[in-house]
Amino acid sequence: MEAGNTGGNMGEAADVEMETAANPFEPYMESLRQQLEEQDPVFLIALIVALAVVVITCVFLKYFLSSKTVRSAVLLVGLCDSGKTLLFSRLLSGKFKRTQTSITDSSAPYKAKNDKASTWTLIDLPGHDSLRPQYLEKFKSAARAIVFVVDSAIFQKEVRDVAEFLYVLLTDAVISRNVPAILVACNKQDITMAKSAKLIQQQLEKELNTLRVTRSAALSSQDGSVGGSMYLGKKGKDFEFSQLPMKVEFLECSARSSKGEEGEADIQTLEKSLAKL
């Protein structure tokens, strides 16, 4: 009998050891449970609330810090032959440079003309309509400002194309969230037939208002999905640039001097706007 009892005790001990090996934290969890049961319920509630506050604070800080990512790029965008690449050269060196249609991006550090001596990365993006989307997608998240270059001399012929490209920019979800400054540089003011910045703004508002109607109708006739785009302006009102979440400024400039290659460019207004970023 004693031998049988001894064998039974050894079996139970072995079972206990196996259970302990299978769950080595069980004794500690049981001890913690007993201690919690002995605590005042008010203390437990306070502890749970404190833990919740810590978790919420961590989540908020992660979101806040990620949303404050420093965006240090100034993008030069626009249609082909609007004068982006020459403007890029003028901003960097002040010198005239013969250019050709860009098929890739160009970038260089640009030191703003302000007391802080702020330095941004100036990036010239290709203007061809087959290349624009991929380069915009590549750099838009880093944009602190977007300089949208318009050929003021032939604006009347290109107003539809200019408006369509600008519509893509202004309704982009990433750009709408990051709200970079939009500087519409009405270039080639040295040419006699150039349109003023005020007239270009007025005509673009009308064209964008029309585009908004046609684009919205096209979306509603499909599946109603906006594909990552935002609604332009305020519903029920004619479009105006003042309705946008980001600041949009129209200014006049001339990357090419009226005196030819040796003359100085008229880009002071643009430089002042970049100095305020």
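I started with the open sheet: it has 6 strands in the order β2-β3-β1-β4-β5-β6, with mixed pairing. Two strands pair if DSSP finds at least two bridges between them, and the names follow DSSP runs numbered from the N terminus (helices are H or I, at least four residues; strands are E, at least two). This is a predicted model, where local features need pLDDT of at least 70, side-chain atom pairs count only at pLDDT 80 or more, and totals for chains, interfaces and linings use all residues. Residues are numbered from 1 along each chain as its sequence is written, and side-chain values use heavy atoms, leaving out hydrogens and water.

Which strands stand at the edges? I found β2 (106-111) and β6 there, each with a single partner strand, so one side of each has no neighbour in the sheet. I looked up β2 and β3 (119-124) next: they run antiparallel, joined by 6 bridges. S106 has D124 in β3 as its bridge partner.

Then I checked the largest nonpolar core, which has 39 residues. Such a core is a set of buried Ala, Val, Leu, Ile, Met, Phe, Trp, Tyr and Cys residues joined through side-chain atoms within 4.5 Å; buried means under 20% relative accessible area (1.4 Å probe, protein chains only). Helix α6 gives the largest share, 9 residues. L208 and F241 have the most contacts inside this core.

What does F241 touch? Beyond its neighbours within four places in sequence, I noted contacts (heavy atoms within 4.5 Å) with residues including L166, L208 and F250.

Last entry: a second, separate core has 25 residues, among them A112 and L270.

Terms used:
Buried < 20%, exposed > 50% of the residue type's maximum accessible area, 1.4 Å probe, protein only.
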